[in-house]
Amino acid sequence: MQPDILIIGSGMGGATLAAALAPSGRRILILERGVRLEPSAQDRDAKAIFGDGVFRPDETWLDGHDQPFNPGNYYFVGGNSKFYGAALIRYRAEDFAPMLHRDGTTPGWPVTYDDLEPDYQAAEDLYCVRGDPSQDPTEPPHSGAYPFGPVTHEPDMQDLFARLRSVGMSPSTIPLGLDLERWLAAGDTTWDAFPNTCGGKMDAETCGLAEALKHENVTLKTNARAQRLVADANGRVSGVEVEVDGRQETLTAPIVVLAAGAVQSAALLLTSADAARPSGLANRSDQVGRNFMNHNCSAVLALHPLRRNRSVYQKTLMVNDFYLTDGQGGAPLGNIQMLGKITGPILAATTPMPSWVASLIADRSFDFYAMSEDLPNPDSRVTLKDGQIRLDWQRSNWDAHLELVRVLKRKLRKAGFPVVLSRSFDRRTPSHQCGTARMGADPTASVVDTFCRSHDHPNLFIVDASVLPTSAAVNPALTIAALAFRAGRHIQEREWAA
């Protein structure tokens, strides 16, 4: 099949764009370097996942000090979403304007929340989001309802909800993409970082790709790794060099879409440098690879030695009281949401604790995820060193994150948890990676326009987290999907292939 549209990557951006464009009848070819995840005995094995890293790639990147590390960047059909927590939260309306933080002011977006709102609605419909927009005081306006109501709190989570309310917090339900019955039918287990091989998570494969592949004009090619983009003298992307099952091919299409994720998309553009463009494709602005952001995150465990947490699925609650301010009129601190339930085997696999101590703690813990915005910084960037990816993530806004953790701990102690533990997440898992091909109106200071189309190459679109101008302080998956719908509408409205 000679495609009209060639999409590199089957994660949230690529799969959603394919679903958006499939009804147009255009021939769409999706390239995925990995394969489909198949059910295995390791799917629910905490030691295999957290201790042995069986699903992590056999790949090494360099950090900012040229030290090698193994990234948690997954290569399967559906991309990183196969392991995500399926928290499908809209950016707040305020996130699209410049916002003052402790470490500086974010640049804002070249589009408004209202511009993107219809696409958020479309993304929520595609990913079967369960939620209630009336509960969170920071929730922006919705033009329609969620497809499904929120997930019901289990009894111990309902008790936590009441405790948080009693200390002045405003807990609300998390908008989630899941089929809880299907997930639990495969085994009573936790959620975040566990692979979705049963269809319980509404991920890029389960929803976006499944919808796209209902159409005969859409084809998925696995084991197909894009290695280089080729541009002609007029700036059009004239070919994509691909390794397919160990063979080298060059594929062509009138429209090429890069959706490999913020790190890999940037690396591919840099790798594609040629004599006319020695700094890489789409890089006239020198912004490709720059402004890498990844959120500042910590796990916070609240315990009472005489109370157990019997919840199986606890990821039903979030708090945004400190999202727009610190609670006292100061700069924002961030979002608080529940993790998938921490278990004894997870703690034992990720800490030096003996298994009996880990189980004692996990049985009594309520497990929170504190997340703060990472601000764009041109020196926080993806580069290549001797062909190897070098990720120099320079955290920002860390003091605000530490304050968020302190505030949360104080509130939890007042709510009846005398023991509160915290641990920040390290740099090995760029699960919320974004910002390396930023969107903007000025071609000299950005990589793509407001429809995710490259300023430099008229037939190249970039539709993944790399285009996000800011990271906000919520999970980026839904915003990536919304931007894919926006790009899809733009492509359909114009005959780019002509």
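Arg36, Lys82, Asp203 and Glu205 are joined in a network of salt bridges, a salt bridge being a side-chain nitrogen of Lys or Arg within 4 Å of a carboxyl oxygen of Asp or Glu. The model is predicted, so local features need pLDDT of at least 70 and side-chain atom pairs count only at pLDDT 80 or more, while totals for chains, interfaces and linings use all residues. Residues are numbered from 1 along each chain as its sequence is written, and side-chain values use heavy atoms, with hydrogens and water left out.

Across the whole structure, the search returns 25 salt bridges. One of them pairs Asp367 with Lys341, with the closest N and O atoms 2.9 Å apart. Asp367 sits in strand β16 (residues 365-372) and Lys341 in the loop between β15 (335-338) and α8 (344-350), so this pair ties together parts that are 26 residues apart in sequence. Helices (H or I, at least four residues) and strands (E, at least two) are DSSP runs, numbered from the N terminus. Asp367 is buried, at 0% relative accessible area, and Lys341 is buried as well, at 6%; here buried means under 20% relative accessible area, exposed over 50%, and partly exposed in between (1.4 Å probe, protein chains only).

The side chains of Arg290 and Asp286 form a salt bridge at 3.1 Å, N to O. Arg290 counts as buried at 12% relative accessibility, whereas Asp286 is partly exposed at 36%. Glu249 and Arg247 also meet through their side chains in a salt bridge, with an N to O distance of 3.4 Å. Glu249 is partly exposed, with a relative accessible area of 25%, and Arg247 is likewise partly exposed, at 46%.

Attention then turns to Asn294, found in the loop between α7 (262-271) and β13 (296-303). Asn294 is buried, with a relative accessible area of 5%. The side chain of Asn294 reaches the backbone nitrogen of His432 at 3.4 Å, and a polar atom of that side chain lies 3.3 Å from the backbone nitrogen of Gln433. Both are polar contacts, that is, pairs of N or O atoms within 3.5 Å; within protein, one must be able to donate a hydrogen and the other to accept it, and residues adjacent in sequence count only if both atoms are side-chain atoms. Leaving aside residues up to four places away in sequence, Asn294 is in contact with Asp374, Trp393, Thr429, Pro430, Ser431, His432 and Gln433, where contact means heavy atoms within 4.5 Å.
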